[in-house]
Amino acid sequence: MDGDQLVHEAELRGWKLTVVSLLDAPWDGPASLCIEPPDDPAVAVGTDGITAELMRSISLAEIRRTAKELRARLGRSADEATAAAVLHRVETEREYALMAREYVRLVRQGYRSPVTRLASAWGLSRNTISGRIRRARAMGFLDGPPGRPADRLTEKARRHLEGEARDAERGRTDRR
């Protein structure tokens, strides 16, 4: 990572690939792509110049997914749904409270499918997110009308989130 950029470098059949993603861009995909021959001209490369086959071998989907994940972890995502840390694993009660908070935030913002939005933002399947939301509701972190999306956090969830806020405030105080 360099300043406000994520830089992905790889070797592609002897060629050097550099892909740059901008952290503050309003999109998740790469901003630039550069393919260069090796520094040593005597090195044999796997193609006869830059070919369509070479271009197709670049996994932009993987690069995009990695950039999106890193941006989200840094709190610099283009997608509002990733303002909090990406929750690849949700095991502790605190993690369920964090996930429930993101879900309720999207419901309150009027998203028709908050599950799909979270799945897309976090790079997880819709089924995974849906199962976690059902479990969060069953564990007492989400509340709402029966048969409708949960639209509010429970007292239990708020207690876990208040503990997080106290820890964050304590950390700011300790650094002074």
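Strands here are DSSP runs of E with at least two residues, helices are runs of H or I with at least four, and both are numbered from the N terminus. The model is predicted, so local features need pLDDT of at least 70 and side-chain atom pairs count only at pLDDT 80 or more, while totals for chains, interfaces and linings use all residues. Residues are numbered from 1 along each chain as its sequence is written, and side-chain values use heavy atoms, with hydrogens and water left out.

**The sheet**

Keep β1 and β2 selected. They run antiparallel and are joined by eight bridges; two strands count as paired if DSSP finds at least two bridges between them. Glu-11 stands opposite Lys-16 in β2.

Strand β2 (residues 15–22) pairs with β3 in the antiparallel sense over five bridges, and Leu-17 has Ile-35 in β3 as its bridge partner. Together these make an open sheet of three strands in the order β1-β2-β3, with antiparallel pairing. β1 (5–12) and β3 (32–36) are the edge strands, each pairing on one side only. From one strand to the next the twist averages 15 degrees, taken between axes that are lines fitted to C-alpha atoms (for helices, over the stretch in contact), with angles running from 0 to 180 degrees between N-to-C directions.

**Helix α3**

Now select residues 93–108, which are α3. This helix has 16 residues and reaches 22 Å from its first C-alpha to its last, close to the 22 Å expected at 1.5 Å a residue; the expected span is 1.5 Å times one less than the number of residues. Among the buried residues of α3 are Tyr-96, Met-99, Glu-102, Tyr-103 and Val-107. Buried means under 20% relative accessible area, exposed over 50%, and partly exposed in between (1.4 Å probe, protein chains only). Just after the helix, Gly-110 takes a positive phi of about 90 degrees.

**The cores**

Which residues have the most contacts inside the largest nonpolar core? They are Met-99, Tyr-103 and Leu-142, in a core of 25 residues. A nonpolar core is a set of buried Ala, Val, Leu, Ile, Met, Phe, Trp, Tyr and Cys residues joined through side-chain atoms within 4.5 Å. α3, α4 (114–122), α5 (126–138) and α6 (155–174) each supply at least two of its residues, and α3 gives the largest share, nine. Another core, of eight residues, lies apart from it and includes Leu-12, Val-19, Leu-54 and Ile-58.

Centre the view on Tyr-103. Leaving aside neighbours within four places in sequence, its contacts (heavy atoms within 4.5 Å) include Pro-114, Leu-118, Ile-133, Leu-142 and Pro-149.

**The aromatic pair**

Select Tyr-96 and Phe-141. A search of the whole structure finds one aromatic pair, and these two residues form it, stacked at 6.3 Å centre to centre with 15 degrees between the planes. Rings of Phe, Tyr and Trp (its six-membered ring) pair if their centres lie within 6.5 Å; planes under 30 degrees apart count as stacked, over 60 as edge-to-face and the rest as tilted. Tyr-96 is in helix α3 and Phe-141 in the loop between α5 and β4 (142–143), 45 residues apart. Both are buried.

**Thr-154**

Finally, go to Thr-154, in the loop between β5 (152–153) and α6. Thr-154 counts as buried because its relative accessible area is 15%. Beyond its neighbours within four places in sequence, Thr-154 is in contact with Gly-140, Phe-141, Leu-142 and Asp-143.
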